[in-house]
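Here are my notes on the model, as promised. Have the structure open while you go through them.

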Amino acid sequence: MFNRPNFRLACAIALAAFKVLCASHADRGDDILPLIQADALETHIFALQENIKRGRTDFAYRTRSAHNSEASDNAAEYIASQYRRSPRLEVKFEEVGGMKNVVATLPARPESGSDRIFILCAHYDSKADRDRDWNPLTSEAPGADDNATGVAAMLEIAHVLSQFDYDYELRFIAFAGKEVGLVGSKFHAQKASETGEDIAAVLNIDMIGFNWIKNRVVIIQDNSSQWIGDTTLLVNRWYALGMEIVGAGVTPVEKGDHTSFWGNDYHAMTLSESEIPRLDSEGYRANPFYHTSEDTIQTVNVDLVRRVTQLALLTLNCLASMPYEINDTLPHVTVDPQTLVRQNPVQITGQFETLFPIYIVVQPGNISAQIDRTNNTYSVTVPLRTGTNRIRVSAIHALSARSVEQTIVYEPDFEWESVLVYPNPSRNKDELVVFRAEANLPIEQMKVYVHSSDGMLVRRITGAVDRADSRIWRAWWNRKIVYNLPVASGVYVCRFEIIVKGNTYTRHRKLAIVQ
């Protein structure tokens, strides 16, 4: 049985074939992204909503209830007909309890030698049991959002990806009977487990069209499936899709078809508009049309459906392009040399090479870099501390990471941080005047020269270092000159003189003394 550690060690591509095709895999995401069009998705959603039986007189069922076998079978036929737009897809019905899963398979490249399978799925049945008098046999349940949106996304992704060759089998499944107990997905997952099918990952899409506040999607996953979600996050960032991706808890209240695969020890994740569609959450207003006869295309944000479909498309393409050997998935990253810098913060730059979406972070600080995919370069601004800094740059994708380190010595140019004389004016003859100097570098010595307004030297005072911070020195004056005589009232000029790295720096401050 497939598990995550095994996936990290062996992602099931014949290595030789992969190296021939790696460049096309690397570039494919940008090429296929615009192939997902809102018009095509909208057409599917409307067709599934109306669920029209073609004949001498067309008839719209406006339901896909699993209890209404004629309506359910008619929807299954529509889905199969849309699969068949792609001649390379092998289409079949999977009978289960009087219902039909509709399965389309894109076979693995024959020379790959891999039995591994990736599944993209969505349920097609609908219900409107939140309506007071809903009858599953006779009432309408158009189910535009739940889940014509998910089926539409799956159909378009199947159509796009079927144009390419992969070293895994890609399986696209429209599940029946989700709304009556996950009947279709339970049957398929259990059968796959009994026959020992090597299902690497399942990406389920269920309700992705109701959010008019922001472009947001929820990932529902368990701990062992987190790497699928990690890939989704990477894809969103890498291709600048602009989706807000929210991670739901690992034990969602609303069960979906992904749980059928969890129950058979397969890795599965669901993309949905909300973990619990009937409740408000941050960035999401409860869907009032959920499981009602008013769940129609007029309530669906088709542009959001397009965006989530693009996200799922690129995630599946990325997963299905992973190589057999983990070392062949590792990105390469370099750091442009900077051994000694004077400015802080400093800009770290470098180059990277990767076949898959990555992100780059820099330690310390866990700071994300800006990536220029056109030139394969990155840049990030990092704060330094004075002295030696060890910088680690890590290029990370869902299954592996590679890091490079560089030592940077930060020796800033000298700067005064503060020069203080207090109290000022000094009125109490028994109170000490304090001189304080702080620099951005350790101070080696400090002296303060007090001059009268006509330039005469009144007193020279040697400072002392702060025990906790060598950048800070202080000196004290009892307002007396030589022979312990008090100084006269007036304005005095105090010249601070410090030595830093053998260089002398001076600053002047005025001091008013009142006897």
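A polar contact, as used below, is a pair of N or O atoms within 3.5 Å; within protein, one must be able to donate a hydrogen and the other to accept it, and residues adjacent in sequence count only if both atoms are side-chain atoms. This is a predicted model, where local features need pLDDT of at least 70 and side-chain atom pairs count only at pLDDT 80 or more, while totals for chains, interfaces and linings use all residues. Residues are numbered from 1 along each chain as its sequence is written, and side-chain values use heavy atoms, with hydrogens and water left out.

1. Start with aspartate 280, in the loop between β10 (268-272) and α9. (Helices are DSSP runs of H or I of at least four residues, strands are runs of E of at least two, and both are numbered from the N terminus.) A polar atom of the aspartate 280 side chain lies 2.5 Å from the backbone nitrogen of alanine 286. Setting aside neighbours within four places in sequence, aspartate 280 is in contact with Arg285 and Ala286; contact means heavy atoms within 4.5 Å. Aspartate 280 counts as exposed, at 56% relative accessibility. The cut-offs are under 20% relative accessible area for buried, over 50% for exposed and partly exposed in between, with a 1.4 Å probe and protein chains only.

2. Next, how do α5 and α9 pack? Helix α5 (residues 144-161) meets helix α9 (residues 302-319) at an angle of about 45 degrees, with the axes 10 Å apart. That angle makes α5 oblique to α9. The axes are lines fitted to C-alpha atoms, for helices over the stretch in contact, and angles run from 0 to 180 degrees between N-to-C directions. Under 35 degrees counts as roughly parallel, over 145 as roughly antiparallel, 65 to 115 as roughly perpendicular and the rest as oblique.

3. Staying with this pair, α5 passes α9 in a right-handed crossing. By convention, a crossing is left-handed if the near helix is turned anticlockwise from the far one by less than a right angle, and right-handed if clockwise. On the α5 side the contact uses Thr149, Ala153, Ile157, Val160 and Leu161, and on the α9 side Val305, Thr309, Ala312, Leu313, Leu316 and Asn317. Those contact residues split into eight nonpolar, three polar and no charged. Here Ala, Val, Leu, Ile, Met, Phe, Trp, Tyr, Cys and Pro count as nonpolar, Asp, Glu, Lys and Arg as charged, and the others, Gly among them, as polar.

4. α5 also packs with helix α4 (residues 69-83): their axes come within 9 Å and cross at roughly 25 degrees. That makes α4 roughly parallel to α5. Tyr78, Ile79, Gln82 and Tyr83 of α4 meet Val151, Met154, Leu155 and Ala158 of α5. The tally for this contact is seven nonpolar, one polar and no charged.

5. α4 has a contact with α3 as well, with axes that come within 10 Å and cross at roughly 155 degrees. The two helices, α3 and α4, are therefore roughly antiparallel to each other, and their crossing is right-handed. Thr43, His44, Ala47 and Leu48 of α3 make the contact with Tyr78, Ile79 and Gln82 of α4.

6. One runs from aspartate 146 to asparagine 147, with omega near 10 degrees, and asparagine 147 is in helix α5. Another joins asparagine 344 and proline 345, with omega about 0 degrees; proline 345 sits in the loop between β12 (340-341) and β13 (346-353).

7. Histidine 123, in strand β5 (residues 116-123), touches both Asp146 and Asn147, among others. Histidine 123 counts as buried, at 0% relative accessibility. Its side chain makes a polar contact of 3.0 Å with the side chain of aspartate 125.

8. Finally, some backbone angles. Asparagine 51 has a positive phi of about 50 degrees although it is not a glycine, and it is buried at 2% relative accessible area. Asparagine 366 also has a positive phi, near 50 degrees, but counts as exposed, at 51%.
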